[in-house]
Amino acid sequence: MTIKFINRSNNPLPKYESEEAACMDLRAFLPEAVTLQPLERKLIPTGLFMEMPRGYEAQIRPRSGLALKRGLTVLNTPGTIDSDYRGELCAIIINLSNEPQTIESGDRICQMLISPVERPEVFEVDILEETERGAGGFGHSGTK
């Protein structure tokens, strides 16, 4: 599979940071640093535009170190980028810490997973197959 990028930033293209990494890191592309106050969220651009094959999606996910060390995470995680989207890749970053957090251009702000997408046939029925669980919802299977 091939993914094509237009890179309007001065950052390197996304890449896998280790031999078995599942995700590629995306970097902020900002004209000036952005400071997020506690609980503030902003759309952070990357300067990247992408073309991936039909039948795939890109999922935008938080970086664990950024979340642990600074309290910054992706608000709508995972964010989905459809294969027909051609706009700039951006991430909605929220500051969940108690202190202001500054994002500089070039900072790794999130990670991106490329995943196949199944598109099932959808149809209406009158009855669903019975299971042992049935309609048991949140917490139904226990807390441990």
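Modeller: A strand is a DSSP run of E with at least two residues, numbered from the N terminus, and two strands pair if DSSP finds at least two bridges between them. The model is predicted: local features need pLDDT of at least 70, side-chain atom pairs count only at pLDDT 80 or more, and totals for chains, interfaces and linings use all residues. Residues are numbered from 1 along each chain as its sequence is written, and side-chain values use heavy atoms, with hydrogens and water left out.

Strands of a sheet pair through backbone hydrogen bonds, in either a parallel or an antiparallel sense. An open sheet here has 4 strands in the order 1-4-8-6, paired antiparallel. Its edges are strand 1 (4–7) and strand 6 (72–74), each of which pairs on one side only. From one strand to the next the twist averages 45°; axes are lines fitted to C-alpha atoms, and angles run from 0 to 180 degrees between N-to-C directions.

Within this sheet, strand 1 meets strand 4 (residues 41–51) in antiparallel pairing over 4 bridges. F5 stands opposite M50 of strand 4, and N7 is opposite L48 of that strand. Strand 4 also pairs with strand 8, again antiparallel, over 6 bridges. There F49 stands opposite E88 in strand 8.

The loop that leads from strand 3 (34–36) to strand 4 contains L39. L39 is not a glycine, yet its phi is positive, at about 70°. Most residues other than glycine have a negative phi, and most peptide bonds are trans. The relative accessibility of L39 is 60%, so it counts as exposed. The cut-offs for these words are under 20% relative accessible area for buried and over 50% for exposed, with partly exposed in between (1.4 Å probe, protein chains only).

A further open sheet of 4 strands has the order 2-10-5-7, also with antiparallel pairing. Strand 2 (24–27) and strand 7 are at its edges, and because each has a single partner strand, one side of each has no neighbour in the sheet. The twist in this sheet averages 35° from one strand to the next.

Strand 5 (residues 56–61) is joined to strand 10 (residues 108–116) by 6 bridges, and these strands run antiparallel. I60 stands opposite M112 of strand 10, while R61 has Q111 as its bridge partner in that strand. Strand 5 also pairs antiparallel with strand 7, over 4 bridges, and Q59 has T80 of strand 7 as its bridge partner.

The loop between strand 6 and strand 7 holds P78. The peptide bond that joins T77 to P78 is cis, with omega about -10°.

Now the pockets. A pocket is an open set of points, on a 1 Å grid over the protein atoms alone, where a 1.4 Å probe fits, with protein on both sides within 12 Å along at least five of seven lines; lining residues have an atom within 4 Å of a point. Grid points are joined across faces, edges and corners, and a volume is the space filled by probe spheres set on the points. The largest pocket has a volume of about 240 Å³. It is lined by 14 residues, of which I60, N76, T80, I81 and C90 are closest to its centre. Strand 7 (79–82) and strand 8 (88–95) each give at least two residues to this lining, and strand 8 has the largest share, with 5 residues. By class, the lining has 9 nonpolar, 3 polar and 2 charged residues. Here Ala, Val, Leu, Ile, Met, Phe, Trp, Tyr, Cys and Pro are nonpolar, Asp, Glu, Lys and Arg are charged, and the others, Gly among them, are polar.

The second largest pocket holds about 210 Å³. Its lining includes Y56, E57, D82 and R119, and divides into 2 nonpolar, 2 polar and 5 charged residues.

Last, the cysteines. The whole structure has 0 disulfides, a disulfide being a pair of cysteine sulfur atoms within 2.5 Å. The closest cysteine sulfur to that of C23 is in C110, 9.7 Å away, which is too far for a bond. C110 is in no disulfide either, as its nearest cysteine sulfur, in C90, is 9.6 Å away. C23 is buried, at 11% relative accessible area, and C110 is buried at 1%.
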